Amino acid sequence: KNDQPKLLINAGEAATKLESFDEAISFYEQISDEQMPEAAIARWAVGEVHLHRRYMSQAISSFIKSIQLDANQVNARNRLIYLLNLAGRRWEAIPHLFELLRQDQCTVQQLLYLGNTSKAIENEKELKAFLTAFPEDRMPLLGLAKIRMRAGEFKDANEYLVELLEQQPDLVEAHVQLGKLLL
């Protein structure tokens with residue numbers, strides 16, 4: 001019984017290498033939150049699978065769960081920072097950047113993010129790749145809306161934000177951007 005979480009981690013890793021992603025997630029999800037430290041590792045691993053498949057919202061959620069279970073999950077925190085920045089949710093990444101700094105795990109790039117929190121991180125090609133891979137997840141539209149706003153393409157930005165808010169009405173950053181756009 002004590003070895004079960006480790007065995008499930010190994011099975012998940014093997015399934016991932018074989019690109020049996022649903023099976024990998026199934027193995028990882030059999031590990032309960034109480035089975036630490038494997039639970040935090042499993043949530044991070046699920047996030048990695050979602051990221052590989054370009055399921056942005058699911059990856060973000062999995063990385064957050066990993067960090068909630070173990071604040072020292074540097075890999076999950078790094079990936080979360082990357083996705084939040086890519087999606088245009090820079091303000092949400094700041095506490096995670098400070099935590100990496102506190103843990104002495106911050107990279108030079110991350111220090112630059114902290115030094116200029118208002119600088120946009122734009123990667124339209126990657127955002128579109130997320131939308132193409134998993135069109136049901138509209139989260140990448142936030143990053144694309146911000147790019148369109150900076151380009152003065154307000155009609156497209158508005159459409160992206162309205163569509164995103166239909167799917168995720170509680171997403172504060174999308175409301176903020178829509179408010180800025182309407183001003």
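Visitor: What share of the 183 residues in the protein chain is buried?

Guide: Buried means under 20% relative accessible area, with a 1.4 Å probe and protein chains only. By that cut-off, buried residues make up 46% of the 183 residues. This is a predicted model, in which local features need pLDDT of at least 70, side-chain atom pairs count only at pLDDT 80 or more, and totals for chains, interfaces and linings use all residues. Residues are numbered from 1 along each chain as its sequence is written, and side-chain values use heavy atoms, with hydrogens and water left out.

Visitor: How many helices and strands does the protein chain have?

Guide: Helices (H or I, at least four residues) and strands (E, at least two) are DSSP runs, numbered from the N terminus. Here the protein chain has 11 helices and zero strands.

Visitor: How is the length of a helix read, and what does α6 reach from its first C-alpha to its last?

Guide: The expected span is 1.5 Å times one less than the number of residues. Helix α6 (residues 90-102) has 13 residues and reaches 19 Å, close to the 18 Å expected. After α6 comes Asp104, with a positive phi near 60°.

Visitor: Which residues in α6 are buried, and what covers them?

Guide: The buried ones in α6 are Arg90, Ala93, Ile94, His96, Leu97, Glu99 and Leu100. Their cover includes α4 (56-69), α5 (74-86) and α7 (108-115).

Visitor: What box do the C-alpha atoms of the protein chain fill?

Guide: Taken along the principal axes, the box is roughly 60 × 35 × 25 Å.

Methods: Buried < 20%, exposed > 50% of the residue type's maximum accessible area, 1.4 Å probe, protein only. Contact = heavy atoms within 4.5 Å.
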